Amino acid sequence: MYRYDSYDHALVAERVAQFRDQTRRYLAGELTDDEFRPLRLQNGLYIQRHAPMLRVAVPYGLLSSRQLRMLAHIARKHDRGYGHFTTRQNIQYNWPRLEETPDILALLAEVEMHAIQTSGNCIRNITTDHFAGVAADEIIDPRPLAEILRQWSTFHPEFAYLPRKFKIALNGAEADRAAVLLHDIGLHVIRNASGETGLRVIVGGGMGRTPIVGHVIREFLPWRHMLTYCEAILRVYNRYGRRDNIYKARIKILVKALGIEEFARQVEAEWEIARKDSPAIITQEEFDRVAAHFEPQAYESLPEMDASYVQSLADSRSFSRWAERNVHPHRRAGYASVTLSLKKTGVPPGDATDAQMDFVADLADRYSFGELRVSHEQNLILADVRKRDLFALWQAAKSQGLATPNVGLLTNIVCCPGGDFCSLANAKSIPIAEAIQRRFDDLDYLHDIGELDLNISGCMNSCGHHHIGHIGILGVDKQGAEFYQVSIGGRQGNQAALGQVIGPSFAASDMPDVVAKLIDTYIGERHEDELFVDTVQRIGVAPFKAGVYGNAKEVAHA
Amino acid sequence: MPERVIRGRRVENDVWQAIGQPHGDATQPLPQGPVLVPLAYWREHRDLLAARRQPIGVWLAPADDPAAIADDLGRFSVVAIHFPKFTDGRGYSTAALLRTRYGYRGELRAFGDVGRDQLFYLARCGFDSFKLAPHHDPEAALASFTDFSVRYQGSVDDPVPLFRKRAVAGRIAR
Ligand code: SF4
């Protein structure tokens, strides 16, 4: 993984000193609340229901065991013994004290981490495929370009006060596992007819209040121009994005207002002038320098199949069930990637205790070259495990509640912190997730239902990505009471689509029944091997509506 | 007491008076001495302003397009950019365009809701003159210009990104 040199170290240390001084001036009354807010936000610090919330950047989701141990230490020393992994591959602490945050940032700096630009109206943490570097369908490893983007976007002086937050995702494989269609900028690595590597540039996608699938603004951008082109997009957005209404300030609204052709024309015109002889054109030397940090691990040469693994699969039904869901193919023979689930029923999705973090750090050291990844589905991934170690790893993970065999299944719920923690929430989300998980605790049934993404957000900000859940649940406020709106048919990936709302919203206590009725309709209607979301696409929303609300006529009057 | 301004990393008395929103009434006769006029005023009264034989400056609001003064830049002693709120970042792009695309070399001033925590970025985008909001102490603010010794990306102050310097340093080390 990328290791800091003296420049990176100096920059992060200077940031800690700067923020320490800003916090001191705020506490001394020299900075007003309004002045301090954007400064603390650009260091990931929100003021939440109970205490400040601190979001720490995990660049493109990659962590070393040493970094994870530090995150565990911070959870123990400065929080209540846990952290929450987010859908943008970061980690959040819910209980730090404002006065202590400069010290937390100093601890993070010791392990080459920070909280820079994890919030605020600036360019946020770059996200990518959690199988980067090991996926079989990869064109190039996206992490070197992601790191180059990270450095370019860090403290970019022109783009620190944008109209609104700005999220960039980068995908290096055929299959999109970074949701490039749903970001302010999505970059999808492609090869053109002459075999050159470049980027398909997508702009103006996003979730939130106005969910939109992004538009392709450029089919093929030579990778060396990644920064000059992003700069052109950002400059047009910074100058012309709306600033009068925060709900209309994202780039997607500008793209919609101008139309993609006109927006593209402006960007191309800006780029045409700005790119000439630009020193920001990426050099091969720089690419190679960064790429050297992401060399393949020192793999052993192993046979594709391991006899002891095959035997264990045959011997243990619970092991094979876990392997079926939580073990993923790897491009090297004899290796696999493993998802350690943070979705055990009764635990808020994405939460990990300090002890679990320490434990996972040990597992990473023992089984996966001391590295791990955070997935946008809020799980942890060991990317490089020998197949012959899988059984031992499974037993160890089980002992810590990290082996729930539900990746891709209904109970692998993606869920934001919601009303229990977040001051923006309309409704709680964690108890809904738990009630649904309890309802679907029969593993055989769960496996029979098959792959299903269920996402829950506590408000329109959509941190739980409910728009792209096969089933999406959104907390809404109805005269001060918490209600839930349900949509179906959303999906992520190359065919990303936004879900359709099925009808009037429900009380919290109805939610397990509502999901059960959606599943019953699916089971009744599905063709063999058809996924829930494919059935929705084939037969439409109406039968599901009828299944949930009863008679279709009544729905019309509801 | 005269108003203070940071110029060339020093605090000085400010000799400029801004007229028009937000600091005055454009319908009144101009005061004596150097004045900063809004873009619309410049467009309407450029001959009158030239006849005054006093240093003249123009100030731009966030939505003003710097292209509108591209041909007149030689006539201004100061171009100022107004920040009604420090969170409105349009002025950073305006400044960068003035310096790079339109080649403006004279004094480029930030004024309005400007505080010390913006100085580092403002200076990088080409500002060299800063009139802080009244409750900010300009002397204390000078320290913020050196908040960072490392800059990853190029900008107006130094267009060469760090990666090109790393490459040079690496070659020297080898
Ligand atoms: S979706 Fe809303 S409730 Fe949930 S974390 Fe985001 S802002 Fe908070």
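Across the interface of chain A and chain B of this predicted model, 24 residue pairs are in polar contact, both residues being at pLDDT 80 or more; a polar contact is a pair of N or O atoms within 3.5 Å, where within protein one atom must be able to donate a hydrogen and the other to accept it, and where residues adjacent in sequence count only if both atoms are side-chain atoms. The elements that give two or more residues to the side of chain A are α1, α2, α5 (143–153), α6 (226–240), α8 (260–274) and α9 (284–291), helices being DSSP runs of H or I with at least four residues, numbered from the N terminus. The largest share of this side, 10 residues, comes from α1(A). By class, the side of chain A that touches chain B holds 20 nonpolar, nine polar and 17 charged residues, where Ala, Val, Leu, Ile, Met, Phe, Trp, Tyr, Cys and Pro count as nonpolar, Asp, Glu, Lys and Arg as charged, and the others, Gly among them, as polar.

The contact, defined by heavy atoms within 4.5 Å, takes 46 residues from chain A and 38 residues from chain B. Together the two chains bury about 3800 Å², 55% of it on carbon and sulfur atoms, buried area being the accessible area (1.4 Å probe) that two parts lose on being put together, summed over both. In chain A, the residues that lose the most area to chain B are P157(A), Y161(A) and R239(A), which together account for 20% of what that side buries. Seven salt bridges are counted between the chains, each requiring a side-chain nitrogen of Lys or Arg within 4 Å of a carboxyl oxygen of Asp or Glu; one of them joins R239(A) to D65(B) (3.1 Å, N to O).

Within chain A, domain 1 (6–110) and domain 2 (127–293), whose bounds come from an automatic or database domain assignment, bury about 1100 Å² between them, 58% of it on carbon and sulfur atoms. In domain 1 of chain A, Y60(A), R88(A) and Q89(A) lose the most area to domain 2, together 54% of what that side buries. Across this interface there are zero salt bridges, while three residue pairs are in polar contact.

Residues are numbered from 1 along each chain as its sequence is written, and chains are lettered from A and ligands numbered from 1 in the order in which they are written. Local features need pLDDT of at least 70, side-chain atom pairs count only at pLDDT 80 or more, and totals for chains, interfaces and linings use all residues, while side-chain values use heavy atoms, with hydrogens and water left out.
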